[in-house]
Amino acid sequence: MKKPLFIVAFIIVISAVTTYAQDKSFTTIIPSSAPAFTILGISPTEISKPNSWNALQGALYQNFNSNNQGTIPKNFALEFSPYWLSDHPNFTFKDYLDKSGFSLRNLNISLATGTVQYGRDSVQGLGFGIRIPIWTAKSTTLQDSLTKTIKENQKLRTAGRIVIVSLMNSRSKTVGDFFKNIQDSLQNSEQGSVWKNNKDLINRIYTDTLGNSFDTTDSLAKQKINIRNCIATYTQNHQKEFTEKSKQAIVAALKEIAQLEVSGALGMVFPTDQFNNSRISKIGVWSDYSFSLDKQKNKLDATVALRYVRDFKIDSIYAANNVDVIGRLNFYTDSQQKFTLSAWGLLRFISASSQSVVINNLTYYHNNTAWDNKYGVDISYKVSDNVAFAYSFGKGYSDPFSLTTLKSKLVNFLTVYYSIDNKALKASGQQYLNRSL
Amino acid sequence: MANTIEHEINFSVSTALTYYLSVVIGNGQGGGTTFENPGGTMYDDDTILNALIGTGSAIKGQSVFVDTSVDQINPDNKNIIVSYYITTNQITNIKNAVPTGSFKYLADEEESVDFFYTINFQ
């Protein structure tokens with residue numbers, strides 16, 4: 001019954017979506033996966049990203065305080081970089097592009113709450129995580145190329161500034177005299193001067209904004225501010241697409257650079273929803289290495305990771321240590337990731353305590369070990385700049401409560417991602433989980 | 001409607017000294033600054049460093065108009081900060097210099113803003 005309804009909904013959504021020129025990559029639509037989210041096993045639909053200490057305090061106070069008492073919010077996700085909570089007046093975009101070397105400015109902290117599985121129950125959980133790249137490949141060529149791209153994308157603004165500064169310093173009596181001075185500067189300035197270097201764009205600004213909008217006999221003094229604002233409005237409005245391109249170029253270029261990242265996270269549970277009744281449920285530390293396999297076209301990249309997670313004892317369920325080796329291969333059809341295919345696999349070694357015996361007031365555990373794995377394929381299709389579908393299928397973990405019989409879950413679900421104002425959200429997707437023997 | 005922030009600054013000069021202007025767009029944002037000194041030389045760059053304004057005797061009583069345009073391109077931060085330095089020596093390490101003044105603005109994603117400031121030399 002569910003499937004036909006879903007297919008109808010799918011067709012309606014597809015037909016309702018207009019195809020736009022796609023400028024944003026898929027990764028700008030999907031929510032991020034910070035360590036705090038990973039340790040809880042959640043994908044939050046909205047993530048708070050405070051940019052200042054005040055905003056951070058505000059976010060924490062609003063969500064963890066109710067009637068002047070500490071409370072645990074139901075669904076909360078926050079990620080921030082401590083470095084960017086303060087201003088850095090001398091940190092230019094060229095400094096930003098240099099990601100090589102270890103730097104605390106790349107440290108990210110995450111915090112999340114959500115409903116988590118705790119033994120056989122579902123309880124409120126809280127995750128806290130940190131991640132930091134400890135090594136990033138240096139790529140001077142990439143930095144130089146990116147700097148050049150950003151400067152190219154700034155040219156319209158440069159042309160606008162030149163005309164504005166010239167305007168504000170002009171002693172011409174009329175608007176017409178000023179326009180003539182612009183044309184004279186473009187014709188007669190030396191090669192290599194700011195006028196000659198920006199001639200085409202200055203002409204474009206003149207043609208598109210000034211030429212027909214102002215009476216040339218008007219007093220320049222009277223019209224100066226209007227002309228200035230007209231130019232500023234024009235360059236700002238036309239700059240947006242170039243600014244988006246610069247930002248995407250930065251994100252794409254940084255993704256290209258090989259990077260080794262270390263993360264750690266702690267998961268806590270609150271069985272009675274109260275702060276003073278908490279238990280540590282999980283602790284994990286992992287490291288992942290991401291690299292491009294196709295530096296020319298950036299269509300293929302990979303990540304390998306090594307992870308250790310300890311599940312703490314819950315009542316009659318004993319503690320376990322899990323060591324995972326993870327690999328993921330991503331293929332993109334183009335730079336905007338319109339279509340993405342990912343193959344991934346995880347091999348897990350579990351050492352779980354079972355049965356205990358107390359001898360001379362000391363508790364001894366019997367350890368069982370086992371291997372488990374999961375693997376799958378994710379396919380995503382970006383319908384427009386703000387909507388994407390992702391379908392995942394594969395083999396999930398074995399049922400933790402029947403590890404000896406190794407019953408596996410078949411993973412099979414479709415998710416719809418959409419973003420509003422660049423906030424990545426996830427619609428309540430259709431999720432099918434089948435158990436197979 | 002243009003997104004602009006305007007400011008006017010009065011700055012006292014000594015006729016015996018020479019003055020330089022430096023402007024830095026911080027927080028990893030994109031943009032540039034353009035200004036023309038009283039001698040008619042136009043400067044334009046993403047970071048202006050030690051651009052000659054003029055000798056105190058030449059610029060006293062004059063004004064300089066500066067346009068710094070900034071676009072929010074830093075994926076990690078939306079705050080805009082522009083710092084300007086009016087110095088009598090050329091700055092060798094901008095990170096150690098103390099700005100004469102600065103502008104701050106909390107931008108939206110990919111927002112553009114123009115800072116127009118006039119420096120009146122007295």
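Tutor: Let's begin with a polar contact, which is a pair of N or O atoms within 3.5 Å; within protein, one must be able to donate a hydrogen and the other to accept it, and residues adjacent in sequence count only if both atoms are side-chain atoms. This is a predicted model, in which local features need pLDDT of at least 70 and side-chain atom pairs count only at pLDDT 80 or more, while totals for chains, interfaces and linings use all residues; side-chain values use heavy atoms, without hydrogens or water. Residues are numbered from 1 along each chain as its sequence is written, with chains lettered from A and ligands numbered from 1 in the order in which they are written.

The side chain of A:Asp301 makes a polar contact with that of A:Tyr332, at 2.9 Å. A:Asp301 belongs to strand β8 (residues 300–311) of chain A; helices (H or I, at least four residues) and strands (E, at least two) are DSSP runs, numbered from the N terminus. With a relative accessible area of 11%, A:Asp301 is buried, where buried means under 20%, exposed over 50% and partly exposed in between (1.4 Å probe, protein chains only). Beyond the neighbours within four places in sequence, the residues in contact with A:Asp301 include A:Lys255, A:Phe291, A:Arg328 and A:Tyr332, contact meaning heavy atoms within 4.5 Å.

Now to the part I would like to look at closely: the interface of chain A and chain B. Chain A brings 42 residues to the contact and chain B brings 48. About 3900 Å² is buried between the two, and carbon and sulfur atoms give 49% of that area; buried area is the accessible area (1.4 Å probe) lost when two parts are put together, summed over both. On the chain A side, A:Asn90, A:Arg161 and A:Lys247 supply 18% of what chain A buries against chain B, more than any other three residues.

The polar side of the interface comes next. Between chain A and chain B there are 31 residue pairs in polar contact, both residues being at pLDDT 80 or more. The elements of chain A that give two or more residues to the side touching chain B are α4 (93–97), α5 (140–152), α6 (155–169), α8 (194–197) and α10 (220–256). Of these, α10(A) gives the most, with 13 residues. By residue type, that side divides into 15 nonpolar, 16 polar and 11 charged; Ala, Val, Leu, Ile, Met, Phe, Trp, Tyr, Cys and Pro count as nonpolar, Asp, Glu, Lys and Arg as charged, and the others, Gly among them, as polar.

A:Arg157 forms a salt bridge with B:Asp114, the closest N and O atoms being 2.6 Å apart. That pair crosses between chains, from strand β9 of chain B to helix α6 of chain A. Both ends are buried: B:Asp114 has a relative accessibility of 2%, and A:Arg157 has 1%.

A second pair also crosses between chains, from A:Lys247 in helix α10 of chain A to B:Glu109 in the loop between β8 and β9 of chain B. Its closest N and O atoms are 2.5 Å apart. A:Lys247 is buried at 7% relative accessibility, whereas B:Glu109 is partly exposed at 29%.

B:Glu110 has a phi near 55°, a positive value in a residue other than glycine, and is buried at 10% relative accessibility. B:Asn50, in strand β5 (residues 48–55) of chain B, likewise has a positive phi near 55° and is buried at 15%.

Methods. Salt bridge = Lys/Arg side-chain N within 4 Å of Asp/Glu carboxyl O.
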